[in-house]
Amino acid sequence: MRVALFLLLICALSAQADVTRQTKTVAKGFGGFESSQTTFFTADKSSDVSKSKWTSGFMKIATGGKEQQGTTITRLDKELVWTLDDRKKTYTEMTFEEFREMLKKATADLQGDEEDVPDTTAEDMYEWKIETLSEPDPKTINGWECRNVRMLATGTNKTDSLDWVKIDFSTWNSEAVPGTAEIREFALNYVKAVGLDEWAQNSGLQMAVALYQTQFKQLAEELAKAPGDAVETVLEIRRHQLVGPSLGKAMKEGMKNEVMGKLPFGKKKEAPSQEPKWEERVKYRMQTDLLSSEVAPVETAQFEVPSGYKKKNK
């Protein structure tokens, strides 16, 4: 009896252990983006310290390619979320009730717009084929033995077979990652508290579901075959589309040729027209890697707004 009680006590204590995890995300779509995160967990608190920067595209120009750092502290015990700007030493505060109200309003707005939305959506324009391409053998990634879930959804335009889109989702999951039970319990408590669902626990899944909900209903069944935490997740969207000179460039060249034709030193020789052609292009790609996970005590200060930070009004 004493042994049984001792084992129960050990299990109870381990379920309340603190966890520290490090992840890295690289995305490419509307410009290149890189982010590294260190996330700390206790039973009812989390602190997410992220460093990110745009590596290409308009946002790199807008931000100067500078690295930005921010911290998000979630307190289940206080039902509060603090968002810190570590560069400006300021923070904002949102209550869970405010977040729930924001969700309700967003849902109501969507429902109110249903009458104005046409029956045919972009997803409905395609005939879909779903393939399960999961690797049968395990693979070691970052020291953990992982199993794979990979699904490929191919949509072919109903009116033009040359127009197609492929959504490729792959995740390597491991049951050996330390802190899995603790983080899962925290995540479930969080999404229940704010009124979300369990899809919100995984950003890769969330993105896939948000983009093409119908095609990824099979994910839950397939993921059951590879339980555990995601160690490597990749979401890629490829599109076979017509490409060629942009409309702006074509108009600019047309105006230039018209002006040149009126000049006394002769008319510019017309360049051969460039016809649009079909090409396969990666429209979006995101990869998230779990670099480390450690079960060890975390300082309580990690879950508090640092002294000297000023609260910003909403």
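Is glutamate 236 buried or exposed? I looked up its relative accessible area, which is 16%, so I noted glutamate 236 as buried (buried is under 20% relative accessible area, exposed over 50%, partly exposed in between, with a 1.4 Å probe and protein chains only).

**Ground rules.** I am working from a predicted model, in which local features need pLDDT of at least 70 and side-chain atom pairs count only at pLDDT 80 or more, whereas totals for chains, interfaces and linings use all residues. Residues are numbered from 1 along each chain as its sequence is written, and side-chain values use heavy atoms, with hydrogens and water left out.

**Confidence.** I noted an average pLDDT of 80 for the protein, with 73% of the residues scoring at least 70 (pLDDT is the predictor's confidence in each residue, from 0 to 100). The lowest confidence is in helix α1 (residues 2–15), with a mean of 35, and the highest is in strand β8 (residues 139–141), at 97; helices (H or I, at least four residues) and strands (E, at least two) are DSSP runs, numbered from the N terminus. Residues 1–15 have pLDDT below 50, and this stretch has three contacts beyond near neighbours in sequence (a contact means heavy atoms within 4.5 Å). I also marked residues 114–121, where pLDDT stays under 50 and the model has two contacts beyond four places in sequence.

**Arginine 238.** I found this residue in strand β11 (residues 229–243), and its 15% relative accessibility is why arginine 238 counts as buried. Its side chain makes polar contacts with the side chains of glutamate 236, at 2.8 Å, and glutamate 280, at 2.9 Å. For a polar contact, a pair of N or O atoms lies within 3.5 Å; within protein, one must be able to donate a hydrogen and the other to accept it, and residues adjacent in sequence count only if both atoms are side-chain atoms. Leaving aside neighbours within four places in sequence, I listed the contacts of arginine 238, among them Leu152, Trp164 and Val282.

**Salt bridges.** I noted a count of 17 salt bridges, the rule being a side-chain nitrogen of Lys or Arg within 4 Å of a carboxyl oxygen of Asp or Glu. Side chains of opposite charge can pair when their charged atoms come close.

- Arginine 238 and aspartate 168 meet in a salt bridge at 4.0 Å, N to O. Since aspartate 168 is in strand β10 (residues 164–174) and arginine 238 in strand β11, the pair ties together parts that are 70 residues apart in sequence.
- Glutamate 236 forms a salt bridge with arginine 285, with the closest N and O atoms 3.2 Å apart. Arginine 285 lies in strand β12 (residues 277–295) and glutamate 236 in strand β11, so this pair ties together parts that are 49 residues apart in sequence. Arginine 285 counts as partly exposed because its relative accessibility is 32%.
- I recorded that Arg150, Asp168, Glu236, Arg238, Glu280 and Arg285 are linked in a network of salt bridges.

**Nonpolar cores.** I looked up the largest nonpolar core, which has 15 residues, and those with the most contacts inside it include Val149, Ile237 and Tyr284 (such a core is a set of buried Ala, Val, Leu, Ile, Met, Phe, Trp, Tyr and Cys residues joined through side-chain atoms within 4.5 Å). The elements β9 (144–157), β10, α6 (219–223), β11 and β12 each supply at least two residues of this core. A second, separate core of ten residues includes Val49, Val298, Phe303 and Tyr309.
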